[in-house]
Each structure stands twice: as C-alpha cells, then as structure tokens.
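Here is a colleague's note to read beside the model. Take the points in order and keep the 3D view open.

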Amino acid sequence: MQTSGKFIVIEGLEGAGKSSAVAILTQAIQAAGHTVVNTREPGGTAMAEAIRDVVKHDWKDEKVTVEAELLLMYASRAQLVQNVILPNLAKGYWVLGDRHDMSSQAYQGGGRQIDQHMIESLRAITLRDFKPDFTLYMDVEPKEGLKRAKGRGELDRIEQEELSFFERTRERYLQLAQQDPNCEVINTMQSMQAVHNDVEICIKQFLEN
Ligand code: Z5A
C-alpha cells in the first residue's frame, strides 16, 4: 500500500515513561503541522482491544501458553495495521504507536524465548514489508521500571513475570535497537525533565530530516 504519512513507534519496558513520550511527540508533530493518530498495541480497534483484555487478564489456573500469547499479539496487530494504521498513513496522517512489532520480538522472542524464525514467519504474514519510519526505544533497568509500574497500582498478568523475564526482554530490545538504523535509544534512568529534553531533541531531528 502506498503511504504518505509517517509511522512513529515508542517502545520500552513497563515504567519506561512511554506515556509521557507519546504526549511530547504528539505535541511536537502537531506543532510541525501534521495530523496525529495515536494507537496502542495490543489494541487500537474494537476487536484488538478485546484481545488486549484477554492477553492482560490473569487466567489463574489456566496456563497461557507462549504460542497463544504470540498469536494473540499478531492477531491484534493485523487488525490495527489493516483497519487503522495503513488507511491513516494513506491519508497523509502521522501515526504514533505506543508499541508495535519490536515488542513481540523483545517480549515473546527475548522474554519468552520463542524461536526467532517462528516470530519472523508471523511477522511476514501480518506485516509483509511494513515497518515504522522511526522508533524511539525508552530504555529502563527492569527493576526500576517495575518499581515505577508498581507505584501505579495492580500488576497485570505479564507484569507479574519474574525479573529475569524482563532482563531478557530488555537485552533483546537493546540488540534490536542497535541493529535498526531508524531507532534511537533514550536513557530513562535520569530525571523526567532530562528524558523529556532527549525525546524533544530526537523528534526535532527526525522532523528536520
Ligand atoms: N506486549 C507483548 O508482550 N508483546 C507485544 O507484541 C506487545 C505487548 C505489543 C502491554 O501493556 C503489555 O503487553 C506489556 C507488553 C506486552 N506488558 N508488560 N508487562 P501496557 O501497554 O498496558 O503496558 P506498558 O506499555 O508496559 O505501559 P506502562 O506500564 O504504562 O509503561 P509506560 O507507559 O512506559 O510508563 P508510564 O505510565 O509513562 O510511567 C510509569 C510511571 O513511571 C509513571 O508514574 C511515571 O510518572 C513514572 N516515570 C516515568 N518516567 C520516569 C522517570 N524518568 N523517573 C521517575 N519516574 C518516572
């Protein structure tokens, strides 16, 4: 599909400060004269939001298999990309995604240790060659991120995983960010004001190029 808008994605572990970054980016992109459409994953359409509830729910005695979790993430993504992201890009709007495919590679590939080829096959079916124009990866040490997330209230099913799961996820995130020329890493182990400034610099540079 031919697109004329841009697809920008924010990635990172829980508590990395993605919500604040989304607000800063939305404002900067709008100030540059573009219409912004905000999305989140899993979620972003009626059906994808229902999948989000299923994925985050704690099913108690019923073990959620890593395969089911992976397939649900891609089912949600397929709905969002076809129904929301591509049509809005085609209109020339800028789509700002709170998480996208890098999350599956990091959480399911790194955290859950699912074979990379299996994830690549699903990605090929779901996205073909569609990719973000720019990704901002908000890097946080897992212990600190979880502390921040806990400060916000009850943890969902995935947030209840052990620390080693988030350490593997972060490690994969950092590998992916390093390999992607269209990805910038923001260190969020600093004050919120310093993070805010770094996010502004990154989006300014992207808008100028
Ligand atoms: N998931 C997956 O496994 N595979 C996939 O393919 C996809 C997703 C797409 C989505 O949950 C879950 O699905 C997520 C990954 C998985 N699971 N986990 N675990 P979500 O979207 O609801 O959760 P989240 O994305 O992790 O949201 P979050 O916890 O809200 O993270 P955040 O948006 O980055 O955090 P925040 O709300 O901006 O900040 C959290 C708190 O920290 C807040 O009180 C801030 O004021 C504070 N904060 C932020 N920055 C700082 C700094 N620098 N210093 C001090 N305090 C700070």
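**Notes on the ligand and selected residues**

1. Begin with the make-up of the ligand's surroundings. By class, the shell holds nine nonpolar, nine polar and ten charged residues. This is a predicted model. In total, 28 residues surround the ligand. The closest are Glu14, Arg52, Lys56, Ser104 and Arg152.

2. Which helices supply at least two residues each to the shell around the ligand? They are α1 (18-31), α2 (46-56), α3 (66-90), α4 (101-111) and α8 (192-208). The largest share comes from α4, with four residues.

3. Now look at the nitrogen atoms of the ligand. A polar side-chain atom of Glu14 lies 2.5 Å from a ligand nitrogen. For Gln108, a side-chain N or O atom is 2.8 Å from a nitrogen atom of the ligand. Gln190 uses its backbone instead: an N or O atom there lies 3.0 Å from a ligand nitrogen. How much of the ligand's area does the protein bury? Taken alone, the ligand exposes 1,100 Å², and the protein buries 84% of that.

4. Where does the ligand sit? Its place is the largest pocket. Turn the model until you can see the ligand there.

5. Is Ser103 buried or exposed? Its relative accessible area is 7%, and the cut-off for buried is under 20%, so Ser103 is buried. The side chain of Ser103 makes a polar contact of 2.6 Å with the side chain of Glu11.

6. Move on to the loop between α4 and α5 (116-127), where Arg112 is found. Arg112 carries a charged side chain by class, and it counts as buried because its relative accessibility is 16%. What does its side chain contact? The partner is the side chain of Glu161, in a polar contact of 2.9 Å.

7. Ala28 lies in helix α1. Its relative accessible area is 23%, so Ala28 is partly exposed. Follow the chain to Lys204, which is 176 residues away from Ala28 in sequence.

8. Thr135 is in strand β4 and is buried, with a relative accessible area of 4%. Thr135 and Ala46 are 89 residues apart in sequence, and their C-alpha atoms are 25 Å apart. Ala124 is in helix α5. With a relative accessible area of 44%, Ala124 is partly exposed. Between Ala124 and Thr39 there are 85 residues along the chain and 21 Å from C-alpha to C-alpha.

9. Next, the backbone. Most residues other than glycine have a negative phi, and most peptide bonds are trans. Lys60 has a positive phi of about 55°, although it is not a glycine. Lys60 lies in the loop between α2 and α3. Its relative accessible area is 67%, so Lys60 is exposed.

10. Where is Arg128? It lies in the loop between α5 and β4 (134-139). Arg128 counts as exposed because its relative accessibility is 63%.

11. Last, check a peptide bond. Is the bond from Glu41 to Pro42 cis or trans? It is cis, with omega near -10°. Pro42 is placed in the loop between β2 (36-40) and α2.

Technical notes. Residues are numbered from 1 along each chain as its sequence is written. This is a predicted model: local features need pLDDT of at least 70, side-chain atom pairs count only at pLDDT 80 or more; totals for chains, interfaces and linings use all residues. Side-chain values use heavy atoms; hydrogens and water are left out. A residue is near a molecule or strand if one of its heavy atoms lies within 4 Å of it. A polar contact is a pair of N or O atoms within 3.5 Å; within protein, one must be able to donate a hydrogen and the other to accept it, and residues adjacent in sequence count only if both atoms are side-chain atoms. Accessible areas come from the Shrake-Rupley method with a 1.4 Å probe; for residues, only the protein chains shown count as cover. On a 1 Å grid over the protein atoms alone, a cavity is a set of points where a 1.4 Å probe fits but cannot get out, and a pocket is an open set with protein on both sides within 12 Å along at least five of seven lines; lining residues have an atom within 4 Å of a point. A molecule sits in a cavity or pocket if more than half of its atoms lie within 2 Å of its grid points. Buried means under 20% relative accessible area, exposed over 50%, partly exposed in between (1.4 Å probe, protein chains only).
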